Amino acid sequence: MRHIKYEPYPGDIKGLSQREAKKKFLEFGPNVVYKKEKLRPLVVFLEKFKSPLLVVLIVASVISFFLGESISAATIIFMVLLSAVLDFVNTYKSEKAAKLLNSKVITKAAVIRDNKEEEINLKNIVPGDIVLLSAGNIVPADCELISAKDFFIDQSSLTGESFPIEKRPRDLSVEEKEKNNSLLNTEHLLFMGTTVLTGYATAVVRLTGTRTEFGKVALRLSQEAPETEFEKGVKRFSFFMMRVTLVLVSVVFLINALSKDVFDSFLFAIAVAVGLTPELLPVIMTIAMSHGSLKMSKKDVIVKNLSAIPSFGSMNILCTDKTGTLTENKIVLVKYLDVFGEKADSVLFYAYLNSIFHTSIKSPLDDAIQSFKELAVSGYYKIDEVPFDFSRRRDSIVVEKEGVRTMITKGAPEDVLRSAKFYLKNNRKNIISQKIKEDIQNQFNFLSNDGFRVLGVAIKKINQNNKKVYEEKDERDMVFLGFVAFLDPPKKTVTGTLRELERLGLEIKILTGDSEILTEKICKEINLSIKGVITGKEVKNMSDGELEHRVLRTTIFARVSPDDKVRIILALKKIGKAVGYLGDGINDAPALRAADIGISVNNAVDVAKESADIILLQKSLHVLKDGVIEGRKTFQNTIKYILMNFSSNFGNMISMTGISFFIPFLPMLPQQILLNNFIYDTSQVTLPTDSVDESDIDRPVFWDLKFIKRFMLVFGSISSVFDFLTFAVLIWIFKFSGSHFQTGWFIVSLATQVFVIYIIRTRKIPFLKSSPSKPLFITTLVAVVIGWIIPYTSLARVFGFSQLPISVLIASFAIMIAYLAVVEIAKRRFYRKF
């Protein structure tokens, strides 16, 4: 690192001695934001199997293997391993993000020690060190300014603010220092990782390592991400499934053991357990998420973490910054006004002249002036320039045309006004009275309060044409012309997109480092309903309970820090909301990790993209909307499998338990149960390709255990009623027992639980108003055909089947049709009620 010029520092600032520095190094440790800890991959991988769902599936696979169903066992184990591997890979996201963040930090910094300048390794900087900074440097720690000259900082990496921030020393009392020490917008504090744009400064280090604001970001990234709402739902469902399975299996075993062989009863109960287990759930979820990922990629949404797709569908609150999301992320000139607030072409013309001729610090405002409109300035040439500096906060250009020289001054309105003596009224110069000065100030305040960035413009005709060099002292007795006002305008399409998101049940909350005034203005322009406004200062003063009470009643969170964003997101999650966060800066990384679904953009910093689950190729709410819809479709297809599988299996198990009281043989052999289960599950592999009704994606989708329980009880009971009807037909009409009975129930059970997907997959009339996808229709039809053919093949002996007369097949078909009709009627009543 090389410095061109330093701000002279007071002679009594000698810096720390080497001895003091060593002592502080031992006390505070190295100035690093990420410490690599040795991870044991095998231990981390094995921890992934703690999931209740995976435990159940592993037990089911082992049982299947010992019952001779090696194919079924291998399928289950494969999907368990796949699920664990995906989770294992995602675990390293946080470590990789922290490493990326650490790589953004410089390795050396200039300090004063023992009264002399030296460059030291970044990690050796300690609190109390005096650091020297100039343009191009990156701040090595959290510091407090001692002295500064024309010192501007880009701290967008921490705050998200797009404009440079001026920093200057302040004479604060000890209490005020303590009060403001953690505020990112205080003008006397510098923060690690921010960049010096202009000027030079001397500062004293206050905080190092993970105690810095930058370090806090890295610390959060290295921690395990909190559970998403979807993961919580899976866990709740898994425990519920375990309880139901344990109760039913115990009852089935006890009932059968009283009247039948104990070992056969045990095998039958175990087969019942396997039958109840939705072993294909990881398969269905993985295929559904992969299918959704491919469809989303065609809509400019890239999925980094497959398990995030259902969370996308659950998301009912989206937290985002306004810049680039609601606005164009481009500063444009929107107004040019005289001192009375009227449109004035002369203000635009002279601002344009100043902008194209000045060669000092170029700002986004200069670019906005030049790109607004190309004006005819031929004949003008530059004589001299008084460059911008941060004490005057203005710059001046002297131009000449046809022998007439003009000084044009542009800058902060209050500083330009300080150099002015006159104003124009009806093209005549008038002296600025106290009242006019107040009117000008009021006009400036009005524009500022309305969210505009404002520059003042003044001119002066110069009579001395032989002068070559102009200075600050020449900026006097000028004519104040008026203002040019700038804004990052809202996107033209954002209002319509917001309406669509509202229709989808998605609420927008703005978390920004910008002011509440500017953010409110943008929200009003795009017709975003504002429930309330809270500043970062208010957030810091709230307890977690108070924040949880306020978050739902607030739309705009202004001037918030990275820690504030995380607290807001966690508060929303605590009250049961599924929260998405859209961000693209280093300051957004902790919030991206804390949210249920972290969303970033393709041009974001590496740390933000690494922390995100979803990457948008365009920073657009419209693109995000398409992703939300695909996420909901994926979730809905997963829920279809769970509702159908659990209700059918529950009904079958109730039937097995009930009929065991009345017959001296097992209603279905263990191998028959497992075969039934295998054929049924295979038919559902194409379920993720199924179409989803519009009415099923117009609201966020959640794991609703209460709804699943009701569905299981209602439709499981209907399934059980038709099972007993089947038993009655087989026993009383066809006089079947043993193998013939078991075969008869096998074909009816398989057909009813496979074909019922056509009814359950939609709230509408199946086929007439909502049809399944072709792959799903084909696999379900083929599965039933295969199941009905097996008893007539050589495999019949393997599974203990007997051939059935055609009359039984006709009766089975009739029972199936009746069952589907009753389920359709019950479905309509069920959805009307619940």
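The model is predicted: local features need pLDDT of at least 70 and side-chain atom pairs count only at pLDDT 80 or more, while totals for chains, interfaces and linings use all residues. Residues are numbered from 1 along each chain as its sequence is written, and side-chain values use heavy atoms, with hydrogens and water left out.

Helices (H or I, at least four residues) and strands (E, at least two) are DSSP runs numbered from the N terminus, and two strands pair if DSSP finds at least two bridges between them.

An open sheet of eight strands comes next, with mixed pairing and the order β8-β23-β22-β21-β9-β18-β20-β19. Its edge strands, β8 (301–303) and β19 (533–535), each pair on one side only. From one strand to the next, the twist averages 20 degrees. Within the sheet, β18 (residues 507–511) and β20 (residues 556–558) pair in the parallel sense over two bridges, and Ile510 stands opposite Ile556 in β20. Helix α20 (residues 562–574) packs on the sheet and touches β9 (317–320), β18, β20 and β21 (579–582); contact means heavy atoms within 4.5 Å. The direction of α20 makes about 155 degrees with that of β21. Such angles run from 0 to 180 degrees between N-to-C directions, with axes fitted as lines to C-alpha atoms, for helices over the stretch in contact.

The loop between β20 and α20 contains Arg559. This residue has a positive phi of about 55 degrees although it is not a glycine. Most residues other than glycine have a negative phi. Arg559 counts as partly exposed because its relative accessibility is 38%. A positive phi of about 55 degrees is also found at Asp477, again not a glycine, in the loop between β16 (453–462) and β17 (478–487). Asp477 is partly exposed, with a relative accessible area of 37%.

The nonpolar interior may be considered next. A nonpolar core is a set of buried Ala, Val, Leu, Ile, Met, Phe, Trp, Tyr and Cys residues joined through side-chain atoms within 4.5 Å. The largest such core has 129 residues, and those with the most contacts inside it are Phe312, Met315, Leu318, Ile599, Ile614, Leu616 and Leu624. Helix α23 (residues 621–659) supplies the largest share of this core, 15 residues. Leu624 touches Phe312, Met315, Leu318, Leu506, Leu582, Ile599 and Leu616, residues up to four places away in sequence not being counted. A second, separate core has 27 residues, among them Ile331, Ala344, Leu353 and Ile408.

Cysteines complete the account. Cys143 counts as buried because its relative accessibility is 1%, and Cys523 is buried with a relative accessible area of 0%. With a disulfide defined as a pair of cysteine sulfur atoms within 2.5 Å, a search of the whole structure finds zero disulfides.

Note on methods. Buried means under 20% relative accessible area, exposed over 50%, partly exposed in between (1.4 Å probe, protein chains only).
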